[in-house]
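Work through the following exercises with the sequence and the model at hand. Each task is followed by its solution.

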Amino acid sequence: MNLDFTPEEQAFRHEVREFLVAELPDDIRERVRLGRRLSADDHLRWQNVLSRRGWLAAGWPREHGGPGWGPVERHIFDEECAAAHAPTIVPFGVSMVAPVIMKFGSEAQQRHYLPRILANRDWWCQGYSEPGAGSDLASLRTRAVRDGDDYVVSGQKTWTTLGQHANMMFCLVRTDPEARKQAGISFLLIDMASPGISVRPIVTLDGAHEVNEVFLDEVRVPVANRIGEEGQGWTCAKFLLTHERTGIAGLGHAKQALRHLKTLAGQIRHRGRPLLELPSFRQRVVRAELELMALEITHLRVLASARGGDAPGAESSLLKVRGSELRQELSELTRRALGPAALPFFPDFLYGDVELEPERAEQAAIGAQYLNRRKLSIYGGSNEIQKSIVAKTLLGM
């Protein structure tokens, strides 16, 4: 594998950088840089900019309206967006349900939903986890009973990220309670404005309203909104999760976090010397940097193996485990670098209601980010489950 970027790839990186300088709104860039909460409007403003450029759906093939980039271009784009403090693209439509619709959806479903995703006309959320079905997702109990041309859906979903903004949900439901648990699941697309749906916020450890509970009380969903055949939902779910887990690695964000950590540790002094020169601290930073370099190569290999449009294999579990652990380690080191200065919590500043003096503003989100990063090793399938997948699928244990 040639690890050097070609002149064409370097030119593409330059094009992306110029685009980000010219098109990323300054107020959004500053909010991301400081770790402040983004509104739905912030996300949509940026995604509309990307949509107009044709760069919103980096992983889509040209025939569905994507840029047709290869794995290296996608890697460069993600890396440069993170370095420029661009918001993370909300993944549920573009990166999660869209590949499922392309792979398993009918031609009519593709014609209807894919252009709407590209135009940011639908905000999607994920209806997978339930109070009794998290890592053991196949134990889900939300029922969908066939009634003519509709399913009648009843149950509860939880940890529904940004569901308060969504108008559409892709949802796993049990359509055959008598079949073995994986075989009795179907994949439905549900309009969040349907009668019988209610959304209740969950406030997380960092004080954010990021996730929700969603209750479905006899919600009628057209059979035409089912992706694939009845009982094929588990196949769709696994396909989607490999895309999600590859993205959770968050390589570009990890590299940006490492740069921020090294800058911070070079400025903070410990007994008259920069903290970065303290052997015990420097050793952890160097180890994280080396592991990040190894993760980058693995990430490129996984993307290259999936360039034909198929989902990544069990290697995506490796990316999810190491990527989430590294991002947690970097947030831990950043919190340690600040010491007691990481303790103050300023929710009014994070939500944009008040301002702080520059030095305080630069540090205000560190504690909240540390708390938020605790979730990385749990969502998208806990790391313990991912290690079992690697042991069984790749190692034959």
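A residue is called buried under 20% relative accessible area, exposed over 50% and partly exposed in between, using a 1.4 Å probe and protein chains only. The model is predicted, so local features need pLDDT of at least 70 and side-chain atom pairs count only at pLDDT 80 or more, while totals for chains, interfaces and linings use all residues. Residues are numbered from 1 along each chain as its sequence is written, and side-chain values use heavy atoms, with hydrogens and water left out.

**Exercise 1.** Determine whether Glu-9 is buried or exposed, and list what Glu-9 touches.

Solution. Begin with the location: Glu-9 sits in helix 1. Helices (H or I, at least four residues) and strands (E, at least two) are DSSP runs, numbered from the N terminus. Next, take the accessibility: Glu-9 has a relative accessible area of 16% and is therefore buried. Finally, take the contacts, meaning heavy atoms within 4.5 Å. Not counting residues up to four places away in sequence, Glu-9 touches Asp-4, Val-72, Glu-73 and Ile-76.

**Exercise 2.** Find which residues of helix 2 are buried and what covers them.

Solution. Helix 2 spans residues 26-34, and its buried residues are Ile-28, Arg-29, Arg-31 and Leu-34. Their cover includes helix 1 (7-23), helix 3, helix 11 (347-350) and helix 12 (358-363). Just past helix 2, Gly-35 adopts a positive phi of about 75°.

**Exercise 3.** His-85 and Trp-159 are not glycines but have positive phi; place each one and classify its accessibility.

Solution. For His-85, phi is about 65°. His-85 belongs to the loop between helix 4 (71-83) and helix 5. Its relative accessibility is 18%, so His-85 counts as buried. For Trp-159, phi is about 55°. The loop between strand 3 (150-157) and strand 4 (168-174) holds Trp-159. With 52% relative accessibility, Trp-159 counts as exposed.

**Exercise 4.** Describe the surroundings of Met-192.

Solution. Met-192 is in the loop between strand 5 (185-191) and strand 6 (197-203). Met-192 is buried because its relative accessibility is 12%. Leaving aside neighbours within four places in sequence, the residues in contact with Met-192 include Cys-125, Gly-163, Met-168, Ile-197 and Val-214.

**Exercise 5.** Characterise the largest cavity by volume, lining and class.

Solution. A cavity is a set of points on a 1 Å grid over the protein atoms alone where a 1.4 Å probe fits but cannot get out, and lining residues have an atom within 4 Å of a point. The structure has 1 cavity of 30 Å³ or more. Grid points are joined across faces, edges and corners, and a volume is the space filled by probe spheres set on the points. The largest cavity contains about 120 Å³. Its lining includes Leu-44, Phe-92, Asp-122, Trp-123 and Trp-124. Helix 3 (40-53) and helix 5 (91-104) each supply at least two lining residues, and helix 5 gives the most, with 3 residues. By class, the lining has 8 nonpolar, 3 polar and 1 charged, where Ala, Val, Leu, Ile, Met, Phe, Trp, Tyr, Cys and Pro count as nonpolar, Asp, Glu, Lys and Arg as charged, and the others, Gly among them, as polar.

Key: 1 Å grid on protein atoms, 1.4 Å probe; cavity = no way out; pocket = protein on both sides within 12 Å on 5 of 7 lines; lining within 4 Å.
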